[in-house]
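Trainee: How should I read a model like this one? Show me, please.

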Amino acid sequence: MVIKKFYVHWDAVTVIALVLVASFGFNLYQRHQYRTLLQQWVDTQWQADTMEVNWQYVKGKLEKCEGGAGTGNETSPEGSENTR
């Protein structure tokens, strides 16, 4: 019976170790990018919601200042000219 010898190829072990380390490092980098982009997206959504609420508030104040929408308090220039 012939026993086969097992040879360790150190160059292959080194390459495999480098690939694993590089892969792990790249995954950490992508995770950092993902978290940063997710936080930016969440902040942008909050900012958009805040701007929408502020716009509705200012729009309501402007309509109230102008006399309100559909309250009948508006006077049209055409109406005043026709009554002369």
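Mentor: We take the helices, then the surface. This is a predicted model: local features need pLDDT of at least 70, side-chain atom pairs count only at pLDDT 80 or more, and totals for chains, interfaces and linings use all residues. Residues are numbered from 1 along each chain as its sequence is written, and side-chain values use heavy atoms, without hydrogens and water.

Trainee: How many helices and strands does the protein chain have?

Mentor: Helices (H or I, at least four residues) and strands (E, at least two) are DSSP runs, numbered from the N terminus. The protein chain has 2 helices and 0 strands.

Trainee: How far does α1 reach?

Mentor: Expected span is 1.5 Å times one less than the number of residues. α1 has 56 residues and spans 82 Å between its first and last C-alpha, close to the expected 82 Å. Gly67 follows α1, with a positive phi near 115°.

Trainee: Is Phe6 buried or exposed?

Mentor: Buried means under 20% relative accessible area, exposed over 50%, partly exposed in between (1.4 Å probe, protein chains only). Phe6 is exposed, at 73%. Phe6 lies in the segment before α1 (10–65). Buried residues are 1% of the 84 in the protein chain.
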